Amino acid sequence: MQTIIWILNSERQIGEVSRDVYGGFVEHLGRNVYGGVYDPASATADEDGFRRDVLDLIRRLDMPITRYPGGCYVDTCCWEDGVGPVRKAKLDPAWHQLEPNTFGLDEFMRWADKANTRPLITINIGNRSVIDTQNLYEYCNFPRGTYWSDMRRANGHEEPYHIREWCLGNELYGSWEVGQMSAADYGRLAREHAKLLKKLDPECRLIVCGTPDDQEWNRTVLDFCGEYIDKLSLHDVFFHAPEQDERGYLNSVDRFEKKLTESIGSCHAFEAVHGRRIAVSVDEWIIWDFDRRMRPEEEWTSGMHLLEQDYTILEALIAGSLFSCFHRHADTVDLACLAQSVNVIAPIRTEPDGTSWRQSIYFPFELTSRYGRGLSLEPEETGNEDGSLYGSAVLNREAGELTLFLTNRGSEPLDFQMEFGGSRRLLESLTMNHADHSAVNSPRGEILQPEPLAAALDDAGNLRTQLPGISWNMLRIKTDVPEAR
Ligand code: AHR
């Protein structure tokens with residue numbers, strides 16, 4: 001059996017893991033909002049029409065931040081249609097939907113409050129003006145005495161929302177976006193919206209559209225607007241291409257990591273010249289058997305079953321590995337959002353009858369969000385020349401815990417050993433694997449779940465375990481490393 005050894009040292013630090021890498025995303029798409037988050041007709045609806053079962057499951061994921069309202073949806077979105085007593089239905093060309101606008105900005109803010117998450121609002125800069133951005137800002141954040149702030153108050157929201165984080169458009173490099181433009185045009189436009197927002201709120205944090213696939217785009221955009229920008233957004237889709245075997249699919253995380261490293265290079269290049277640090281925001285990581293087919297032949301309706309993908313054990317490994325990828329780049333990646341949250345390529349699924357269930361990816365999300373907090377450590381590794389193991393180690397000095405997140409992408413079990421001087425006691429060891437790689441969770445049962453993993457820790461603090469083939473694993477160890485200096 002292949003043996004892989006990690007030697008960990010609390011001095012070999014990558015960086016503090018940002019809590020915001022455990023973010024979510026609620027786009028007006030399919031049954032994400034209507035029939036997912038919001039369903040006044042559901043037996044589980046609360047007094048605001050929000051599904052209680054969904055809120056409970058979202059809270060357990062402990063998402064500090066949630067992106068809203070799109071996505072591609074944002075390109076023709078007018079946020080004003082979704083506030084106040086008169087709601088205007090509108091066509092959404094991005095997803096061929098009829099948008100009733102009964103759930104809008106104020107409903108999202110109320111839901112976010114109940115879900116213990118804070119908003120990351122995407123602004124339609126592709127097709128709307130700087131003045132529109134100012135109006136949105138006033139509606140959300142200005143206390144009183146202007147047309148838009150008083151409209152918020154008249155709508156029953158006396159206190160401003162204090163929204164601090166904004167995305168300047170969505171994927172405006174993409175041919176699929178209504179409003180696509182060149183890097184220079186986008187950079188110039190983003191600069192003006194960013195300048196305005198920084199004048200209105202110097203402490204706001206602004207995210208500009210970047211792409212992991214085109215460093216020329218990233219560098220050009222940053223050259224135009226980087227002086228006002230805090231983060232470069234990267235979106236990527238993970239999908240099982242027909243020509244790929246399982247290992248090829250699982251290795252898509254390596255391909256993303258390579259592009260991420262190149263994008264970090266673009267941020268560093270900007271910093272070297274302009275002295276301003278730009279962090280990375282992976283504000284859409286998407287596990288999607290990619291299908292952008294629109295439905296022009298069908299009627300315009302809302303709350304349709306769109307992108308409701310079932311996830312197998314392989315997707316649990318992709319999700320788990322991606323969190324490890326964010327840990328491995330904790331010095332730069334300070335925000336990430338799983339796209340999306342409910343029903344649409346999502347960890348949580350619902351039925352109209354009030355049933356809900358957790359998909360395979362829910363569990364790595366929940367456990368990593370709970371325990372992947374602290375300092376990311378860089379292991380000295382031997383025996384992993386073929387890259388079967390992909391993982392990360394996070395040391396939480398306050399809690400006195402070291403947590404290992406380990407994905408075995410090979411089909412054979414791995415003998416895994418870890419040395420860490422501060423190790424004292426094994427707190428928990430879990431694995432997710434399943435013999436049937438096409439099995440999925442459903443309303444009839446959550447068969448893909450973490451289960452105990454046999455592991456042993458000796459008196460010298462050395463850990464030993466066997467990681468099953470095609471598995472995601474988490475091991476928590478009590479440590480007595482000193483508090484950070
Ligand atoms: O998450 C689904 C879609 O994928 C989003 O609308 C878009 O931003 C991305 O390309």
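The questions below concern helix packing, a sheet and an aromatic pair in a predicted model.

Residues are numbered from 1 along each chain as its sequence is written. In this predicted model local features need pLDDT of at least 70 and side-chain atom pairs count only at pLDDT 80 or more, while totals for chains, interfaces and linings use all residues, and side-chain values use heavy atoms, with hydrogens and water left out.

Q: Why are H3 and H5 called roughly parallel to each other?
A: Helix H3 (residues 130-141) and helix H5 (residues 183-200) pack at an angle of about 30 degrees, and their axes are 10 Å apart. Angles under 35 degrees count as roughly parallel (over 145 is roughly antiparallel, 65 to 115 roughly perpendicular, the rest oblique). H3 and H5 are therefore roughly parallel.

Q: Which residues make the contact of H3 with H5?
A: Contact means heavy atoms within 4.5 Å. From H3 come Val130, Thr133, Gln134 and Tyr137, and from H5 come Glu192, His193, Leu196, Leu197 and Leu200. They divide into five nonpolar, three polar and one charged. Here Ala, Val, Leu, Ile, Met, Phe, Trp, Tyr, Cys and Pro count as nonpolar, Asp, Glu, Lys and Arg as charged, and the others, Gly among them, as polar.

Q: Why is H6 called roughly parallel to H8?
A: Helix H6 (residues 215-225) and helix H8 (residues 252-274) pack at an angle of about 30 degrees, with a distance of 10 Å between their axes. That angle makes H6 roughly parallel to H8. The contact of H6 with H8 has three nonpolar, five polar and four charged residues.

Q: What makes E16 and E22 edge strands?
A: The open sheet has five strands in the order E16-E1-E19-E23-E22, with mixed pairing. Strand E16 (380-382) and strand E22 (455-457) each pair on one side only. Two strands pair if DSSP finds at least two bridges between them. Strand E1 (residues 3-8) and E16 have three bridges, in the antiparallel sense.

Q: Why is the pair of Trp285 and Phe326 called edge-to-face?
A: Rings of Phe, Tyr and Trp (its six-membered ring) pair if their centres lie within 6.5 Å; planes under 30 degrees apart count as stacked, over 60 as edge-to-face and the rest as tilted. Trp285 and Phe326 are 6.3 Å apart centre to centre, with 65 degrees between the planes, and the pair is edge-to-face. Trp285 lies in strand E11 (residues 279-287) and Phe326 in helix H9 (residues 313-328), so the pair ties together parts 41 residues apart in sequence.

Key. Axes fitted to C-alpha atoms, helices over the stretch in contact; angles between N-to-C directions. Helix = DSSP H or I, 4+ residues; strand = E, 2+ residues; numbered from the N terminus.
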